[in-house]
Amino acid sequence: MNTPKVLSKTGATFLLLFLFPIQTPAQTDYPIQPVPFNQVHVTDQFWAPKIETNRRVSIPTAFDQCERTGRIENFVRAAKAIRGETLTDKHAPGFPFDDTDPYKVIEGASYTLSVTPDPKLQAYVDSLIDKIAEAQEPDGYLYTTRSIDPQHPHEWAGTARWQNEEVLSHELYNLGHLYEAATANYQATGDRKLLDVALRSADLLVATFGPGKKKIYPGHQIVEMGLVKLYRVTGRQQYLDLAKFLLDSRGPGGNSYNQADILVIDQTEAEGHAVRATYMYSGMADVAALTGDTSYLKAIDQIWQNVVDKKLYITGGIGALGEGEAFGANYQLPNMTAYNETCAAVGNDFWNQRLFLLHGDAKYVDVFERTLYNGLISGVSLDGKTYFYPNPLESNGQHHRSPWFGVACCPGNITRFMPSIPGYIYAQRADSLYVNLYMSNTAEITMASGRKINIAQETRYPWNGNIKITINPSAPANFSLKVRIPGWARGEAVPGDLYKFSDQSLTPAVHLQVNGQDQSTALDHGYATITRIWHKGDTVTLTLPMPVHRVIANEKVEADRDRVALQRGPIVYCAEWADSPDKHVRNLVLEPQQTFAAEFDANKLNGIEVLKGKALAYRFDAHHQLQHSEQPFTAIPYYAWANRGPGQMEVWIASRAALAHPTPFPTLATISKVTSSGPTMAENGARDPHLVADQEEPNSSADRSSSYNWLPKRGSQEWIQYDFPQATQISTSAVYWQITPDRRDISLPARWQLLYRDGNDWKPVAAQGPYPIEKDKYNQVTFKPVKTQALRLVIEMQPESSAGIQEWRVQ
């Protein structure tokens, strides 16, 4: 079969229906269709380097991590077990969803290959596909943790197929990512091998689930999206029907964690695990578009309104809570402990893109853009080698990116999203062409009339709001160009009242011209529409002024009261330690009259627009008296933070002194070197032991904002140590323990003691009483004075639990 070697549509990955003979043509679909990303060539200095870094660095290193952590070997082991070979190592994989990480990176690599051929990468991907195909059981079942050792799979898997699917087995979640990778790879290469693996699997699902068969809902959504993609490729109605069946089987009576407590059509608020939720909402949008089910549309429209009105971070992040990686209550948007999983940002953009395609309203693109430029690309370092799992809006130095994670969903999601970005720029509906995102590019678009249009953008966006669009039709063509006027350019921070610009009345007017002639900027759903007969060389110039805006939050957002964030264009800014004279930023106050100047710095963080002004810095002196002084203030784009080492960062900066965190006067602990037996900062997910001396007073032992723990170590003996600048006499020490009361990850220790260094030996201090072990307070020990250069705190953990420390004082 002669198959075009193309991917059809965007990062939402809409698939061309003519790739296979269509068995049951869709009668309905998204009324607006995105222009395929492989038809758009991005040339700007912002996105083009990031997409290339993803191709050259992120995808290869992610594949390398999949190899090093045994994720690829799992398929080899499963294949051997299926063939009846004896395995020397039958232990279950780390997690039952580890199969998805290679799938996601294969998807990203396939997108990349469709644009930039790479024989070496192609050959490697083909070798992985061979291994995946060999790990599939004869009836189509593919789940390495069970195939490796059917009698002893991972404890989450259950003893039989699908037994624990609605909870933790992730069997259908794995297959959803397989289906997305398979359709992407088929369209990139024309090779059916991985697609045939996916189709055998999907046929097994059709034979197993559905009316009159087994009823089930996925514990982690995404298979619904994957089945829709297989339907688009093959036209096989049963795949679409199964996607709808799985959605309709969810709730009531289940857990809100995975949105199974209520029927999907009755849900009105975002709840539970944020990634699961956005994948489900995206799947509902897909099914609604293809079936015309208005009850799905009503539900996801209401949920979207709930998110943008009450649960969206200014960075576009969602999922405020670390507990359950979940949405919080309305207006519950903490900063230091904000979770905002990178995968949730990707899911949020998938969902908003689909809502735009359904409704044609620019408000969805506004949210998409806010997420894209801020809370999504913050998830990957500038060099493309390390990643954030959570994306907080405040840090005391405890956050840093890692090259990989035990649960490694976020790196794979970055690798598959980045190459698809060009596909979000343009969209079509009949003879209307939508311009949604601004970045220098060239594209060839075929309008509904069949007329070909070459379109080009020239701009320095997001640093500059001057945009030139050149239209070159193959012949004079009558169509409407719908130019998005971003909400931020109209004085609107978000489409609702969750955030607003404090100075929105000062927003300069947007200017729009065609061939030098002024055009109306009257808006229709956020777009200025220009309808005319277009000729070769016609130019549209759009000027979007970019003043620096102060953003304030709705008063119901307790964490942001009397605080201000800074935004210029689509970019949200933050203050970071490296730009502050004393390396602190949480002690700053921005006075209402302070103004800020934007300045491009080509040598900082790969070239960024910085904001400069003045701030008041607060600190305590040796007598604990509060002092303050004015100092230079610099803000950088939020997405670029944590690329210069760990340290303080803050998005929402105090606007009055009472809310600042004054820099404490140095203590013996703060000037000491801190080391521990735990993982180092270079290791995945490790925390900085210096946090025990940051003088951040905890609210309780359960405070998650700034602490140190020894996870993943459990039930062991561990230590943490102060090395003093010089020999010092000490006689008192107090420790404030950390616990996780909602689960047993971190508990109070079974026992602890203090040792001081005497030459090369460690000796116990002569304590004048027992070592207390109580939560929510400092546990103080007084001992016979010793003069030493180092003090070590040794703890013995509870069985099956780890331990952690909020603060450790020494006097």
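In strand E7, isoleucine 455 is the bridge partner of alanine 443. The model is a predicted one, in which local features need pLDDT of at least 70 and side-chain atom pairs count only at pLDDT 80 or more, while totals for chains, interfaces and linings use all residues. Residues are numbered from 1 along each chain as its sequence is written, and side-chain values use heavy atoms, with hydrogens and water left out.

**The sheet around E7**

Helices (H or I, at least four residues) and strands (E, at least two) are DSSP runs, numbered from the N terminus. Two strands pair if DSSP finds at least two bridges between them. Strand E6 (residues 441–446) and strand E7 (residues 452–459) are antiparallel partners over six bridges. They belong to an open sheet of seven strands with antiparallel pairing, in the order E2-E6-E7-E8-E15-E11-E12. Its edge strands, each pairing on one side only, are E2 (40–42) and E12 (517–518). Strands of a sheet pair through backbone hydrogen bonds, either parallel or antiparallel.

Alanine 456 is also part of strand E7. Setting aside neighbours within four places in sequence, alanine 456 is in contact (heavy atoms within 4.5 Å) with Asn441, Thr442, Lys468, Ile469 and Thr470. The C-alpha atoms of alanine 456 and lysine 120 are separated by 32 Å, and these two residues are 336 apart along the chain.

**Confidence**

pLDDT is the predictor's confidence in each residue, from 0 to 100. The protein chain averages 93, and 95% of the residues score at least 70. Over residues 1–25 the pLDDT is below 50, and this stretch has 90 contacts in the model beyond near neighbours in sequence.

**Cores**

A residue is buried under 20% relative accessible area, exposed over 50% and partly exposed in between (1.4 Å probe, protein chains only). A nonpolar core is a set of buried Ala, Val, Leu, Ile, Met, Phe, Trp, Tyr and Cys residues joined through side-chain atoms within 4.5 Å. The largest such core has 212 residues, and those with the most contacts inside it are Trp47, Tyr179, Tyr426, Leu481, Tyr499, Phe633 and Val651. Helix H10 (residues 274–291) gives the most to this core, with 12 residues. A second, separate core of 28 residues includes Ala693, Trp710, Tyr756 and Phe783. Beyond residues up to four places away in sequence, tryptophan 47 touches Val42, Leu372, Tyr373, Ile377, Met418, Ile421 and Met439.

**Helix H2**

Helix H2 (residues 71–82) has 12 residues and reaches 17 Å from its first C-alpha to its last, close to the 16 Å expected at 1.5 Å a residue; the expected span is 1.5 Å times one less than the number of residues. Arg71, Ile72, Asn74, Phe75, Arg77, Ala78 and Ala79 are the buried residues of H2. Their cover includes helix H1 (47–68), helix H3 (100–115), helix H4 (119–134) and helix H5 (144–148). Just after H2, glycine 84 takes a positive phi of about 90°.

**Backbone features in loops**

The peptide bond from glycine 251 to proline 252 is cis, with omega near -10°, and proline 252 is found in the loop between helix H9 (237–248) and H10. Another cis peptide bond joins tyrosine 461 and proline 462, with omega about 15°; proline 462 lies in the loop between E7 and strand E8 (466–473).

Asparagine 340 has a positive phi of about 45° although it is not a glycine. Asparagine 340 sits in the loop between helix H11 (294–310) and helix H12 (342–359), and at 3% relative accessibility it counts as buried.

**Aromatic pairs**

Rings of Phe, Tyr and Trp (its six-membered ring) pair if their centres lie within 6.5 Å; planes under 30 degrees apart count as stacked, over 60 as edge-to-face and the rest as tilted. By this rule there are 38 aromatic pairs. Two of them are listed here.

| Pair | Centre distance | Plane angle | Class |
|---|---|---|---|
| Tyrosine 281 and tryptophan 351 | 4.7 Å | 45° | tilted |
| Tyrosine 461 and tryptophan 488 | 6.4 Å | 35° | tilted |

Tyrosine 281 lies in helix H10 and tryptophan 351 in helix H12, so the pair ties together parts that are 70 residues apart in sequence. Both tyrosine 281 and tryptophan 351 are buried. Tyrosine 461 counts as buried at 1% relative accessibility, and tryptophan 488 counts as buried at 6%. Ring pairs link Phe46, Trp47, Tyr373, Tyr438, Tyr461, Trp463, Trp488, Phe600 and Tyr639 into a cluster.
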